[in-house]
Amino acid sequence: MQAALQGWSAGTATKMRVVGKHIDDSGLFPTFSALTEKNLQKYLYFLREDLGLTDVTIHRHVGYLRWFLRWAEGKGWLTLPDWKTFSPKLKTPPKPVIFLEWDELMAVWSFHDPGRVWLDGVRDAFAFCAFTGLRYSDAAALTWADVGEDAIRVTTVKTHDVLTIELNKWSREVLARYDRPDAPLKVFPRITNQVMNRAVKEICKACGIDSPVRLTRYKGGQRLDEVHPKWALIGTHAARRTFVVNALQLGV
């Protein structure tokens, strides 16, 4: 009910349910009056030691908790000010920006597996985002009614902005791979974001996009270094970053 009232996306609602479950599982906050500095410190210990969360994940979780507490204060349910000054020291090194170089993008663009033809739809949707800067949610919602001769016009799913994006050589070629129907049907095959992310990794792996990428995280002050092949870190968001970086390199 609250998700509907706030206009939350399904992803945001899921995150807030996870926050609520962690709060319930900790047993530290049966009422708002229990939100003391001492209990907040205990809650931090619970997230790190009992649940095994890294500093980055805890930082994100605390941010969601603050969001909820601001809302509760606005309702007049929360009077203790301790949460406002609660500032745990967490090490949150920035993640590397994962994107495809132009030659890597061209490899994905040319990918085709006769044994798994359904991956062509994944390839095209990802490439279209990389050539236009669209989020995958917007590409998935794109209909032929949104496609004009020289541009596409979309109302973004995340921010509700109305955008007009000019078609370039590459985005036109993606659209040319499909027969335009008379009805305003979806341009790309219906693929969930989870399936899309897994399939993009498969395609990038098959294309040999495997340069090593180091990820550094912290857990309770301990540094954890991991090295992954680049394909393992590619998801739908990488298409938008690919557009931005390659556009900058081209002087746009």
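Predicted model: local features only at pLDDT ≥ 70, side-chain atom pairs only at ≥ 80, totals over all residues.
**Entry 1**

Which residues does M196 contact, leaving aside neighbours within four places in sequence? I found V122, A125, F126, Y136, I191 and T236.

Next I looked up the largest nonpolar core, which has 41 residues. M196 is among the members that touch the most other members. V122, F126, F128, L134, F188 and I234 are listed with M196 on that count.

I then checked which elements supply this core. At least two residues each come from α6 (102-109), α7 (119-132), α8 (136-141), β1 (151-155), α9 (169-176), α10 (193-206) and α11 (237-249). Which helix gives the largest share? I noted α7, with nine residues.

I also found a second, separate core of 23 residues. I23, F29, Y64 and W83 are included in that core.

**Entry 1: α2 against α3**

I moved to helix α2 (residues 10-26) and helix α3 (residues 37-50). Their axes come within 11 Å and cross at roughly 105°. I therefore logged α2 as roughly perpendicular to α3.

Which residues meet here? From α2 I listed V19, H22, I23, D25 and S26. From α3 I listed Y43, F46 and L47. By class, I recorded five nonpolar, two polar and one charged residues in this contact.

**Entry 2: H22**

I took H22, in helix α2, for a closer look.

I skipped residues up to four places away in sequence and listed what H22 touches: Y43, F46, L47, L51 and H61. Of these, Y43, F46 and L47 are the α3 residues in the contact with α2.

Conventions:
Residues numbered from 1 in each chain as written. Heavy atoms only, no water. Axes fitted to C-alpha atoms, helices over the stretch in contact; angles between N-to-C directions. Helix = DSSP H or I, 4+ residues; strand = E, 2+ residues; numbered from the N terminus. Parallel < 35°, antiparallel > 145°, perpendicular 65-115°, else oblique. Contact = heavy atoms within 4.5 Å. Nonpolar A, V, L, I, M, F, W, Y, C, P; charged D, E, K, R; others polar. Core = buried A, V, L, I, M, F, W, Y, C linked by side-chain atoms within 4.5 Å. Buried < 20%, exposed > 50% of the residue type's maximum accessible area, 1.4 Å probe, protein only.
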